[in-house]
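Open the model in your viewer and keep the selection tool ready. This tour goes stop by stop.

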Amino acid sequence: MSTIDLNADLGEGLGMWRMGDDDALLGVVTSANVATGFHAGDPLIMRTTCEKAASEGVTVGAHVAYRDLHGFGRRAMDIAPDELTADVLYQVSALEGIARAAGTEVGYCKPHGGLYNTIAKDPVQARATAEALAAFRPGLAVLGLPGTPWQEAAEAAGLRVE
């Protein structure tokens, strides 16, 4: 029997500001792209989102982004590859620590906004992002556009492209 993964971006509030009804969505989705603090989200929001996802059996994914709170991570940025690798590794590792404390783990990564769009066409940033995720967990599942530099870099790094 085929299954469908119902996926949504969650945990995108910041401090006292909430975006969307994460609790309601966690009752229907099967995977959640959790903001990791660079475009939205903060440690408390990440924690409560991971706790609720764990209680609902929802797979947690890292929604990594450029360091761009003011632009909600939607702006393209020219980041040095080593800096981008470090930023992505930092974000996914932070979410993993929080997810484990909540009784779950990071099951995949889906880059957000400007980063997602840039790695679909820029092989240098695609490689930098893939290197970070492969260093975090070899074979990690990643989401992205097929037939792009991102897919090529992810596969070359030993990541599982879905």
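At what angle do H5 and H6 pack, and how far apart are their axes? Select helix H6, residues 149-156, together with H5. The two pack at an angle of about 35°, and their axes are 8 Å apart. Keep in mind that this is a predicted model.

**Stop one: H5 against H6**

Look along the crossing of H5 and H6: it is right-handed. Now show side chains. From H5, pick Pro123, Ala126, Arg127, Thr129, Ala130 and Leu133. They meet Pro149, Trp150, Ala153 and Ala154 in H6. Colour this contact by class and you get eight nonpolar residues, one polar and one charged.

**Stop two: H3 against H5**

On the H3 side, select Pro81, Leu84, Thr85, Val88, Leu89, Val92, Ser93 and Glu96. On the H5 side, select Val124, Gln125, Ala128, Thr129, Glu131, Ala132, Leu133 and Phe136. By class, the contact of H3 with H5 holds 10 nonpolar, four polar and two charged residues. Thr129 and Leu133 of H5 are listed here, and they are also listed in the contact with H6.

**Stop three: H2 against H3**

Keep H3, residues 81-101, and bring in H2. Their axes cross at roughly 50° and come within 9 Å. H2 and H3 are therefore oblique to each other. H2 passes H3 in a right-handed crossing. Pick Pro43, Met46, Arg47 and Cys50 on H2. Their partners on H3 are Ala94, Leu95, Ile98 and Ala99. Which classes make up this contact? Seven of its residues are nonpolar, none is polar and one is charged.

**Stop four: the largest pocket**

The largest pocket holds about 190 Å³ of space. Its lining counts 14 residues. To find the centre, select Arg18, Asp22, Asp23, Thr48 and Thr49, which lie nearest to it. Next, colour helix H1 (22-26) and helix H2 (43-56). Each supplies at least two residues of the lining. Which element gives the largest share of the lining? H2 does, with four residues. Finally, colour the whole lining by class.

Note on methods. Residues numbered from 1 in each chain as written. Predicted model: local features only at pLDDT ≥ 70, side-chain atom pairs only at ≥ 80, totals over all residues. Heavy atoms only, no water. 1 Å grid on protein atoms, 1.4 Å probe; cavity = no way out; pocket = protein on both sides within 12 Å on 5 of 7 lines; lining within 4 Å. Points joined across faces, edges and corners; volume = space filled by probe spheres on them. Axes fitted to C-alpha atoms, helices over the stretch in contact; angles between N-to-C directions. Parallel < 35°, antiparallel > 145°, perpendicular 65-115°, else oblique. Left-handed = near helix turned anticlockwise from the far one by under 90°. Contact = heavy atoms within 4.5 Å. Nonpolar A, V, L, I, M, F, W, Y, C, P; charged D, E, K, R; others polar.
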